[in-house]
Amino acid sequence: MSAGQASERAAGESPLTRRAITIGLGAIATALALPRRAVAAPAAGGLELDVQLERTRVSVGEGVRYVIEIAQEGRGGRVPEPELPDFTEMGISLKGPMTSQGQSTSWINGQVTRRTTVSYAYYLIPTKPGKFKLPVHVKVNGAKVRAPRIPVLEVIGAAMPEEAVAPSETARPQEAPSDLFLWLRVDKPSPYVGEQVIYAIELYESIGRRVDISLNEPPGFQDFWTEELNVTPTRAEVIDGRRFHVHTIFRRALFPQRAGELMIGRPQADVGVVADLFRPVQRLRRVVGQALKLQVRPLPGAGRPPGFSPNNVGNFKIAAEVDRAQVKQGEPLTLTVTISGTGNINAIDPGEWPALPGMRRYDPKVEVATYEGERVGGERRYEFLVIPEQAGALELPAHRFSFFDPATERYETVSTRPIKLEVTADPNAPQPTGMGDAATPTPEAAAGDGDLFAPPLTPASAPRVGASRRDPRRAFRRWLYGMLGVPAAFAAVSGGRALWRRFGPDDAAREAAARAARRRALTTQAEAAVSSGDGFYGAISQLLQGAAVERAGPKGHGLPRRQLLALLRERGVPEDVVSQLGALLDRCDAARFGAAGGERPQDRQAVLDEALALVRGQALARGRERA
Amino acid sequence: MSGDRRPLASRRLGLGLGLGLGLGLLCLCPSARADVVDDAFARGNAAVAAGQWDEAATQYEQAEALLPGRSALLSYNLGTAYAQLGDYGRATFHLRRALQSDARPSADVIDAAQRNLGIVQRRAEVAATQAGARLGQPDTGWGPVLAAARGRAVGWLALALGWLALALWSTARWRQRRGGSEPERGGASVVGSLVVVLLALYGILGAVHGLSVRAEQNTPPAIVLDAQVAVRDAPGAHRKQIFTVQGGSQVRIVDQTRDWCQIRLSDGLEGWVPEIALGQLSGVGARRVRGRTRAPDAPAS
């Protein structure tokens, strides 16, 4: 090879090398840019499979998001579902999927292409360490379509041991294994059979973000009677210098039902960590607690009462009462026996009820009222229907109740007080049946079996009263008006009297009214006597005299005529009026006391008209008004 | 002339015939109705004699439906028939109606009805205890006093006392105005004291009567008819049941919708029951009682 050829080759190889380097770098950059993304391979029927793993390295219990996306082109047709590996074998628990589906349509070269994409999102929660391949495929017409690349999940950390351990002696953890862990609290590691044990699951977290906790799998409580208790509020504790929030997520009262080693299963809780306040995307973490074993002691045999029930463990008291102590023979009464205290109140055995001589007792109605505070307790009430069958003084005997008190580790017995009953005789009461205790009585049997009812009365016709037509509401309204009328009338009368006193006529007015009435009477009398003349001039004289005295005022009373006329002049009455008045009075006197044979009715009418004109005239009237 | 008289006579004749027919019908109707009532009553009595209490109750129900007024005896017989059938709700209702003064019961009816009512109440109490149902008791304590105060006589007495006081006072004032003598003035002070006493009685009796009648009208008493009735927290069969009330319980109706009544028991518990399950003892709806349409031992509604 010549030097020129070598240089030509070198010149010819140089661009090729650059291209190869460029292609290689581009491939590397692409591979780096999509490290966890398996590029879907084109498959038959236009199907593409894409798998995304959120992270490839997680701790035990830390959830990782696993998304499978299947895209299919074509018109219609169902998108096949993915087939997953056996996660159980890998110790990975699966949550989900959450599915979503989208469709898009494109127009290319006059052809319509439709694309359907279905996403399946899972949470993978590993429970043991290791490296796990997560292959996925879908089947299309019997052929497997695989993802071009198989994601691998590496799990680090240690798995929670399976074997059960004894409960911790301490009330709180001495060290923190991680920023999120479960702490199981048992208040008595070796209780007696039937004794109340409080079991609580507490979640310690120092994540510093809002968490959403759910008990994924509650522990198993074989051989325990359990009662749920209220959880306590979240508190804060400092462990190893780190501040933890402690969430009590589960509390139960456990009552061991047998002696020996009893197991409490492992609890699992899922904790969703809120990633961002404004983007509430959660990261899921699962925490597992340990299984526990309790050493349950049998109840002591010494001092155990005969027929003792192992459910009667705790601290109890008993009371009895009746709704009435004085009853008639055959009349039912209610006896209530109440057992209250702390312990398995739902399962206690009250023991055998004492016999009630002279009485019949029916099966009790049982009511339980539990309270769930720190510990389980409450009241258990037995309500008996008791019917005295004998008259006289009867007694409800005391009832004894035995229980084992774990605090004192002794058997205790409490009892009710005897209750005395006074039963009065009732001739209508049924005869004693000697039944003692009865199960399900009918009301007839309970109240007396005989036919005690008075028979119907059977005359030929039923006496009746007519239908009342009165509407009670209307009748009541009328009565109400009548009642309200009394104070109204009182008020009206009193008010009327007050008004009369305030605005009614005074003495002068009454006197003036009397004078006017007298004047009207005299005028009427004179008018009536015009034709006959009987008493005519007397009436006219009185009419004129009265008008003159009234005009003259108080001084005019009792004055002779001449002085009266003089007084009228002093009062300002015109002379012609006084003269006319004097003349008329004189004429009246002459007619009354002298011979008046020549008087005609026309003359008397003229006198009457003149007198009335004088009396009603302004000169005398002004005086009357003043008077 | 005679031609004018004929139409007048025929008109009078027609008027007379019409009046006679009307009066005859008026006289005949009540007796016919009474016969129907008596017939049903007699059939009920015959059923009683034969021991057929179901038939007796049916016949007595018919008689009561036909009766325009009240019959204490009929109510007593009906209540006793229901008691014998074990239908303590309707038995209580009719026996209580038999004891109401409006029905004017005789002494025999009062004695027998009180006796049967006592037995029915005792049995209802036992049934309530067994079923865990609430039993509304009749009014106790002040109840009888208020019942007596509701009497018409008390109302009239209060009214008369008030007007009498007004009349005495007005007379005394009138005499005083006339200016009475010394003995008359002494009498006026006695009259004044009497007026005060009368007014006090008027106020007390009137207030007690008015309030008790008002309470009776606003919350009329009723009897639960069915054996056990579910009491709900609101009107509607779908609403939550809060307790059960025993048939024969006396309750008060405190509110009412179209088909439901809100009741109050003697211990203050309240709830809603169907209107059809109640028999109202007084007021406008006192006669609106559903007859027995099913066996007395039918399950609770």
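Before you start, note that the model is predicted: local features need pLDDT of at least 70, side-chain atom pairs count only at pLDDT 80 or more, and totals for chains, interfaces and linings use all residues. Residues are numbered from 1 along each chain as its sequence is written, chains are lettered from A and ligands numbered from 1 in the order in which they are written, and side-chain values use heavy atoms, with hydrogens and water left out.

**Stop 1: where the chains meet**

Select chain A and chain B. Their contact (heavy atoms within 4.5 Å) takes in 51 residues from chain A and 60 residues from chain B. About 4,700 Å² is buried between them, and carbon and sulfur atoms give 63% of that; buried area is the accessible area (1.4 Å probe) that two parts lose on being put together, summed over both.

Now pick A:Arg324 and B:Glu125. They form a salt bridge, with the closest N and O atoms 2.5 Å apart. The term stands for a side-chain nitrogen of Lys or Arg within 4 Å of a carboxyl oxygen of Asp or Glu. Across this interface, two salt bridges are found.

Next, colour helix H3 (472–503) of chain A and helix H2 (443–447) of chain A: these are the elements that give two or more residues to the side touching chain B. Helices here are DSSP runs (H or I, at least four residues), strands are runs of E (at least two), and both are numbered from the N terminus. The largest share of that side, 16 residues, comes from H3(A).

**Stop 2: the second largest pocket**

Which residues lie nearest the centre of the second largest pocket? Select A:Met160, A:Pro177, A:Phe181, A:Leu182 and A:Val288 to find them, among 38 lining residues. On a 1 Å grid over the protein atoms alone, a pocket is an open set of points where a 1.4 Å probe fits, with protein on both sides within 12 Å along at least five of seven lines; lining residues have an atom within 4 Å of a point.

Strands E6 (111–126), E11 (180–186) and E19 (282–288) of chain A each supply at least two lining residues, and E11(A) gives the most, with five.

**Stop 3: a link within chain A**

Finally, select A:Arg57 and A:Glu154, whose side chains meet in a salt bridge (3.2 Å, N to O). A:Arg57 sits in strand E2 (residues 57–59) and A:Glu154 in strand E10 (residues 152–156) of chain A, so the pair links distant parts of the chain, 97 residues apart.
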